[in-house]
Amino acid sequence: MSERPLGGRIALVTGASRGIGRAVAKALAGAGAHVVLVARTVGGLEELDDEIRAAGGQATLVQLDLRNGDKLDALGPSLYQRWQRLDILVANAGILGPLSPLPHIKTKDWAEVLEVNLSANFRLIRTLDPLLRQSDAGRAIFVSSGAALARNAYWGPYAVSKAGLEALVKTYAHEMATTNVRVNLVNPGPIRTGMRSKAFPGEDPATLSPPEVLTPLFLRLASPHCTESGTVFDFKSGATR
């Protein structure tokens with residue numbers, strides 16, 4: 001097998017400046033893809049860009065807050081002007097929001113979690129769908145969470161946003177059934193990330209796996225040879241649904 005199995009392919013990763021997004025972006029670049037790195041903070045993107053280029057990869061930086069709907073909607077047309085297609089989408093960006101009883105959650109906090117974790121992914125689908133269809137093997141991968149099914153107390157906004165995301169992505173997968181686009185979700189499980197430490201401040205990070213353990217799964221789902229679609233892949237258990 002080629003050392004760069006994704007050579008010549010164009011990938012876009014949201015939330016690329018840290019955590020899972022950063023690890024997946026580096027892996028995609030290492031596999032030969034030109035990676036469009038999307039995040040709110042340009043500093044983290046520049047550091048990642050340096051690492052990718054030092055390893056012989058290629059990247060393009062896009063500083064973008066997913067809450068800015070107008071700029072998000074313009075992403076697809078901007079990419080089309082340069083490449084006319086998108087081969088791989090990794091929609092990783094998300095926020096935890098407040099962990100609190102539902103009656104105590106402020107409207108603005110509820111709206112922000114739903115905006116970033118759900119509505120922004122709808123807008124990504126809408127703006128990038130024409131480009132994924134232009135690919136000979138478009139691949140879209142979204143990041144879910146066990147919270148989508150667990151529905152534990154105090155996790156309301158986050159759990160609702162991820163449950164909604166799964167419904168959104170599975171609907172899109174069904175709509176893509178007769179195309180060359182394959183659409184899936186990954187539930188990473190407990191991974192050593194900033195969001196995890198915020199959610200479980202008393203947990204020892206050393207007991208968790210780093211984000212890099214996820215990259216083989218993401219690379220498989222990003223491959224033109226991937227045939228699965230409309231599936232949630234649970235990394236920890238290896239189960240699918």
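Which element gives the most to the lining of the largest pocket? That's α8, with five residues. Keep in mind that this is a predicted model, so local features need pLDDT of at least 70 and side-chain atom pairs count only at pLDDT 80 or more, while totals for chains, interfaces and linings use all residues. Residues are numbered from 1 along each chain as its sequence is written, and side-chain values use heavy atoms, with hydrogens and water left out.

**The largest pocket**

- The volume of the largest pocket comes to about 1200 Å³. A pocket here is an open set of points on a 1 Å grid over the protein atoms alone, where a 1.4 Å probe fits and protein lies on both sides within 12 Å along at least five of seven lines. Grid points are joined across faces, edges and corners, and the volume is the space filled by probe spheres set on the points.
- Its lining counts 45 residues, and G94, I95, L96, T193 and M195 are the ones nearest the centre. To count as lining, a residue needs an atom within 4 Å of a point.
- Two or more lining residues come from each of α1 (19-30), β2 (34-39), α5, α6, α7 and α8. Helices (H or I, at least four residues) and strands (E, at least two) are DSSP runs, numbered from the N terminus.

**Salt bridges**

- The whole structure holds 15 salt bridges, each being a side-chain nitrogen of Lys or Arg within 4 Å of a carboxyl oxygen of Asp or Glu.
- R9 pairs with D87 in one of them, with 3.4 Å between the closest N and O atoms. R9 sits in the segment before β1 (10-14) and D87 in the loop between α4 (75-83) and β4, so this bridge ties together parts that are 78 residues apart in sequence.
- Both partners are buried (under 20% relative accessible area; exposed is over 50%, partly exposed in between, with a 1.4 Å probe and protein chains only). R9 has 10% relative accessibility, and D87 has 0%.
- R9 also bridges to D136, at 2.9 Å from N to O. This pair links R9, in the segment before β1, to D136 in the loop between α5 and β5 (139-143), 127 residues apart.
- Is D136 buried or exposed? D136 counts as exposed, at 54% relative accessibility.
- Put together, R9, R85, D87 and D136 are linked in a network of salt bridges.
- R67 and D65 form another bridge, at 2.7 Å from N to O. R67 is partly exposed at 37% relative accessible area, and D65 is partly exposed at 27%.

**Aromatic pairs**

- There are two aromatic pairs in the structure. Rings of Phe, Tyr and Trp (its six-membered ring) pair if their centres lie within 6.5 Å; planes under 30 degrees apart are stacked, over 60 edge-to-face, and the rest tilted.
- W155 and Y158 have ring centres 5.9 Å apart and planes at 65°, so they're an edge-to-face pair. W155 is buried at 17% relative accessibility, and Y158 is buried at 7%.
- W155 also pairs with F200, this time tilted, at 5.8 Å centre to centre and 35° between the planes. W155 lies in the loop between α6 (147-150) and α7 (156-175), and F200 in the loop between α8 (194-199) and α9 (215-222), so the contact ties together parts that are 45 residues apart in sequence.
- F200 is partly exposed, with 33% relative accessible area.
- These ring pairs link W155, Y158 and F200 into a cluster.

**Surface patch**

- L102, W110 and V160 make a nonpolar surface patch of about 270 Å². Patch residues have over 30% relative accessible area and no salt bridge; nonpolar side chains (Val, Leu, Ile, Met, Phe, Trp, Tyr) are joined within 5 Å, and like charges within 9 Å. The areas come from the Shrake-Rupley method with a 1.4 Å probe, and for residues only the protein chains shown count as cover.
- L102 lies in the loop between β4 (88-91) and α5 (107-134), and L102 is exposed at 55% relative accessible area.

**A spot in α5**

- T127 has its place in helix α5 and is buried, with 9% relative accessible area.
- From T127 to K170 it's 43 residues in sequence and 18 Å in space, C-alpha to C-alpha.
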